Structure formats: C-alpha cells, structure tokens
There are 2 protein chains.
Amino acid sequence: MTTLYGYFRSSAAYRVRIALNLKGLAYDQAPVNLVKGEQRGEAHLARHPQGLVPVLETDDGLRLTQSLAICEYLEECHPTPALLPEHPADRARVRALAQLVACEIHPLDNLRVLKYLVGELGVDDAAKLAWYRHWVHEGFAALETQLSREAGSGEFCHGDTPTLADICLVPQVFNAERFECDLSAYPRIRRIAGNARALEAFRKAAPEEQPDAS
Amino acid sequence: MTTLYGYFRSSAAYRVRIALNLKGLAYDQAPVNLVKGEQRGEAHLARHPQGLVPVLETDDGLRLTQSLAICEYLEECHPTPALLPEHPADRARVRALAQLVACEIHPLDNLRVLKYLVGELGVDDAAKLAWYRHWVHEGFAALETQLSREAGSGEFCHGDTPTLADICLVPQVFNAERFECDLSAYPRIRRIAGNARALEAFRKAAPEEQPDAS
C-alpha cells in the first residue's frame, strides 16, 4: 500500500494529497506531527534526512521526497488524468506557475522559517505576520498578473482542468487565508482556487478533512 | 535566436546557462543588473511580472520563467544529452535532489530576502550571514546524507553523468563559497561539485565567465 507521511497543515503534503486524489490512487496516511517535532525524531529522519514532510512510500518500497518531484512521478507512472498539458510550452507554463508558489512563496513562509525569525532573530508577532504576508503578496501579485495576461489561463490556472499549478495554488491560498492575508486584489486567483476547491479531489485533500486535523 | 535574460551571479540564471551548455544550444545573453534594480524596471517587468531572472526567450517568441521549468522544457525539446535518467523512480530522485536545493536552500538566501532582513527587520551583518549559512547547512547536511546513503549516487549526484541535480548543486556551492560557508562536513558534495565544475558546460556557465561579471 502507498503511504503518505504528512501533516494536515503542511502545504507540501496537501499538494501530494490532491495529486493522489486527482489520479484516483488509494493511500494510507501516517501523520508526522510537525508542531510536536516528530519530523526531527529518529523514525522520520531515517525516512528523510532533512526531517521534512511529505514522504511518499510506494508499494514497491520507494521513499519519495519533495512534493513536486512526487507529483511528477505520479504523472509519469499514472498518466491519466494528466496533471500537465501535452505540449512542452504549455508544460513549461504550468511548471513555472507551480514553481512560482513552490519556490518563491512557500519556502519563505513555512514553519521552520517562521520559527527561526522568532527564535534566532527575536522578531515579534507583528513583524512575523508582516513577513508572512509580504511574500504572499509579492508572489500573488505576480501570479495574478500572469494568470490575467496569459492566454493559457481558463477556469483553472491552465485551461479548464486542474494541473500541477492548481495543486500548488490551493494550499497556498489556504495558508494565506489562515494568516488573514487580504486577497481582494487577486480576483483571478480566488476564482480559480474556488473552482478547484469545488472538486472532490481537492475537497478531500483539505487540511480539516485529514485524520490528524486538530 | 534564444536569449537568456539573467545576471552573472544569479543562481537560477546559472542553472539555465549550465543546462543550455550541456545541451549544446547557442544563446545570446541579455544581462539584467539585479544590484542596480533593473529587474524592477518596466522593460523587465513586461517580460516577467515578478521581476525575477532568468527569463528565457526562445526563437519562436516564448518567454519562459522559473529555472527548473526552463530546464524541463529544454529536456523535452532537446532530449539528448539527457538531464534526467530514464526510469520514473530515478527521475524522481534527481528532481528531489534538485528541489532540495531549489526549494529549501536557495529561496531563503537570495538577494531580495537578504534585503528584507536588513531593510525591514533591521538585521545586522553578522545575523544576516548566520541566516545565510544556517539554511546552507540545513540543506547541505541533508543532501550529504542522501548522496552518501543512496545507491543512485556516483561521480555526479545521480550516476556518472550530470543531471538536473548537479545543475542546481553547483550554483549553490558557488554561493556558499562566496559567503564563506565551511563545507568541510560535506565531502561528497564537494567531490561531485568538483567533478561537475571540471566539465566545459559548467565552466563556461560560471559567474566569472559571463559578459556582465564585475
């Protein structure tokens, strides 16, 4: 059986849950409690020396890390329904939109970084929140422009079916809402996220639906 | 003609230069001076609303963004020599190693983030340097473990030819050296980076070899 080591509120685990659901693949969940520090325990470090989630353990014993690499693996092994369009230029666009979130927003706002700001740099709550929102707005402003300007956009980030870009977008929108970022300047992002969240694959992947939600 | 909008010291542009060189593709360079703020100028924002480099303009007029998406595009359009191995599990490993650098280290240590630390959070030079090195060590320690533990490693990150993982690793090593990070605990990383840097494709992509180097 495929097992996902994740955490209900981890954006990266959330992405993999969406991808697995879109592909219609069954999986067990093995929660790793990031707030309790279980990712730094021996058991999890044996799975992933960086102490991060998600880790996807496949039924043939592979341990895959990095959410986008996992999604690409799922795409290659289970091509239908496709998470990437057919043509290289369109695939590049989808991957770039996904990476705008995964490389430019999320890494700056994840738990270990916020902890460093507070613990090592003595940043107060207001400055931590300002940091969080700053990187969301930097990224979302650019993403909104790209989605509005580029012909490839549709009901979803690319065309009218969900792709890897939506898989990255929805967890980032969830997190932005959690930190009460004002998203009123991003109507296209909100509409696309709304369309995606209406799908069962996204709904079942939502943090509040997970067994470890608290 | 293919044109790369980049900056000699940008890690992400450096990755794309290596990929283009490995594929044997000719390209013009159009430098965007990040220190002078040219990435925020109208001309560059028209190319990329996020004001980042690299942007690769192809000879059929596509404007591609995000270095890993650009590398995957080059791989799909010019499959030989391959930057990714053949089998999905190996491809997932290479992509995960690449993303360990591109999603976990580099985003935290790039120029706009260091500027925010100093400008908005009033962080001093020593704390900025400690921040920089902290994320390099977090990432490299995990990477060193993965490279040492996993059977796929060879003279390069995966096997004995350069892949997308080495394309990400070498610019990160260059940057770590520039910020005088102590890399003595990472012999495998250093050996692989040395092997890669001995290749002409990597050598010609090095920051000091670029027309805008200063």
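The UniProt record, in an unreviewed entry, places the feature "domain: GST N-terminal" at residues 1-82 of chain A. The structure shown here is a predicted model, and in it the end C-alpha atoms of residues 1-82 of chain A lie 22 Å apart, with 37% of the span in helix and 17% in strand.

**Helix 6 of chain A and Val136(A)**
- Helix 6 of chain A covers residues 125-149, and because its 25 residues at 1.5 Å a residue should span 36 Å, the 36 Å between its end C-alpha atoms agrees with that expectation.
- The buried residues of this helix are Trp131(A), Tyr132(A), Trp135(A), Val136(A), Gly139(A), Phe140(A), Ala142(A), Leu143(A), Glu144(A), Gln146(A) and Leu147(A).
- In an α-helix there are 3.6 residues a turn, so residues three or four places apart point the same way.
- Val136(A), which belongs to helix 6 of chain A, has a relative accessibility of 0% and therefore counts as buried, the cut-off being under 20%.
- Beyond its neighbours within four places in sequence, Val136(A) is in contact with Ile105(A), Asp109(A), Gln172(A), Ala176(A) and Cys181(A).
- Val136(A) and Gly6(A) are 130 residues apart along the chain, and their C-alpha atoms are separated by 23 Å.

**Helix 7 of chain A**
- Helix 7 of chain A, residues 164-178, has 15 residues and reaches 22 Å from its first C-alpha to its last, which is close to the 21 Å expected at 1.5 Å a residue.
- This helix is mostly covered, since 13 of its 15 residues are buried.
- After helix 7 of chain A comes Glu180(A), whose phi is positive, near 50°.

**His106(A) in helix 4**
- His106(A) lies in helix 4 of chain A, residues 88-109, and is buried, with a relative accessible area of 15%.
- Not counting residues up to four places away in sequence, His106(A) touches Ser11(A), Arg15(A), Val101(A) and Gln172(A).

**Helices 7 and 8 of chain B**
- The axes of helix 7 (residues 164-178) and helix 8 (residues 187-197) of chain B come within 10 Å and cross at roughly 110°, which means that the two helices are roughly perpendicular.
- Helix 7 of chain B contributes Asp166(B), Leu169(B), Val170(B), Val173(B), Phe174(B) and Glu177(B) to the contact, while helix 8 of chain B contributes Ile189(B), Ile192(B), Ala193(B), Ala196(B) and Arg197(B).
- The residues of this contact divide into eight nonpolar and three charged, with no polar ones.

Technical notes:
Residues are numbered from 1 along each chain as its sequence is written. Chains are lettered from A and ligands numbered from 1 in the order in which they are written. This is a predicted model: local features need pLDDT of at least 70, side-chain atom pairs count only at pLDDT 80 or more; totals for chains, interfaces and linings use all residues. Side-chain values use heavy atoms; hydrogens and water are left out. UniProt positions are given in the numbering used here, feature names are shortened, and annotations may be inferred rather than shown by experiment. Helices (H or I, at least four residues) and strands (E, at least two) are DSSP runs, numbered from the N terminus. Axes are lines fitted to C-alpha atoms, for helices over the stretch in contact, and angles run from 0 to 180 degrees between N-to-C directions. Angles under 35 degrees count as roughly parallel, over 145 as roughly antiparallel, 65 to 115 as roughly perpendicular and the rest as oblique. Contact means heavy atoms within 4.5 Å. Ala, Val, Leu, Ile, Met, Phe, Trp, Tyr, Cys and Pro count as nonpolar, Asp, Glu, Lys and Arg as charged, and the others, Gly among them, as polar. The expected span of a helix is 1.5 Å times one less than its number of residues. Buried means under 20% relative accessible area, exposed over 50%, partly exposed in between (1.4 Å probe, protein chains only).
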